[in-house]
Amino acid sequence: MTGREDGPVKMWNPARAGIDLLMTAGPVEVSPRVLSALAQPSVYHYYPKFVEFFAETVEKTAKVFRTRSENTLILQGEGVLGLEAAVVCSINPGDKVLVFENGPFGRGFGDFVTNAGGTPVYFHEEPDRCFDDGAARAFLQANSDAVAMTLVHCETPAGLLNPVGSICREAKRLGMLTIVDCVASLAGADFRPTEWGVDIAVSASQKCISAPSSLTPMAISDHAWEVIEKKKAPLRHSYLSLLDWKDTWLSSRRFPFTPLTNDVYALGAALDEILEEGLENVLRRHEEAGQFCRRGLKELGIELWPIKEEYCSPTVTAMRLPPGMTDAQIIDGLVQKHRILISAGYKELKGHVVRIGTMGYAARRSFVAATLDALGDVMKNSPRS
């Protein structure tokens, strides 16, 4: 086994005072090896050995995406950078874009489409369930004049894992560009962009990859590059520009601007841990951690937020609040009595759910067991309204 079996690292950090274990929906715990990599001395980004290290990190990222390095980028910023870039670099004013939404991140794609001058057309589902394949296909077929569609794989606020493969295959059959948010699923749930017909896949370093929140791994198909290059007014000379990366890094191993060198060190270390453990083993560990978490919650008498367990993501579990308890009672109680932090609800689900992340370094039975034991204690000893 790798160093990922070690416990959370306890260091002086005023921003994390009172917390020993991070079981949130992201950012998540990172391993001692990743922290050590982050703390290494910085370097000039055109020092040949750093350029070589960056190239190796891209290759490792491509292996996790199950794609080629020439179709892989690492943007220098948190995942939202890639989500917005995917839309603004590919959508023309007036383009019709189908936006699948059963939560705030799915709906957020519509804002990016609007900002790019496109016209979002929404396929809505309730936030406690995934998209139905038949209804999704019917929607795509009824709107076959759309140029693109967007979809979130793991909608973290609700703990849902949407059926990306079937939806994207149908969209591709109809000639649409497919854009997928795999921020909270890459390296935690099965995700196969090439096989499933995903043109642009956007992830983030701080979720299942288990590195600091600073980088955006992306997989971009050959077809997507053609669309981006043929955009009526291609975006260039911008932090959002994917073409700037194609014209520099992919063409000549130059950078469009100074990369975050130490964060790249950390990402490289996190990817090494994934590949050394084996991607399939990592996915199995996430699945087992998620199942163990859901089973433990049921034993505590807590109801899951998704209406069917088959809708649940292995990477984050959303639970309904126990009767008579508030989210603040649960979260504060876990921190104050047990030094464990979980996530509150987000946007419209705030005050209705709390969430336990089982991502990356935190996706292991011992951490989940400690969290469930602590949760049971807080439930038993907290007053109820």
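The legends below describe close-up views of a predicted model.

Local features require a pLDDT of at least 70 and side-chain atom pairs a pLDDT of 80 or more, whereas totals for chains, interfaces and linings use all residues. Residues are numbered from 1 along each chain as its sequence is written, and side-chain values use heavy atoms, with hydrogens and water left out.

**View 1. The open sheet of seven strands.** The strands follow the order β2-β10-β9-β8-β5-β3-β4 with mixed pairing, where pairing needs at least two DSSP bridges between two strands and strands are DSSP runs (E, at least two residues) numbered, like helices (H or I, at least four), from the N terminus. At the edges, β2 (72–75) and β4 (119–124) each pair on one side only.

**View 2. Strands β3 and β5.** Strand β3 (residues 96–101) runs parallel to strand β5 (residues 148–152), and three bridges join them. Valine 97 is placed opposite alanine 148 of β5.

**View 3. Helix α4 on the sheet.** Helix α4 (residues 104–115) lies across β3, β4, β5 and β8 (177–181), at about 160° to β3; angles run from 0 to 180 degrees between N-to-C directions, with axes fitted to C-alpha atoms, for helices over the stretch in contact.

**View 4. Helices α11 and α13.** Residues in contact (heavy atoms within 4.5 Å) include Phe292 of α11 and Leu372 of α13.
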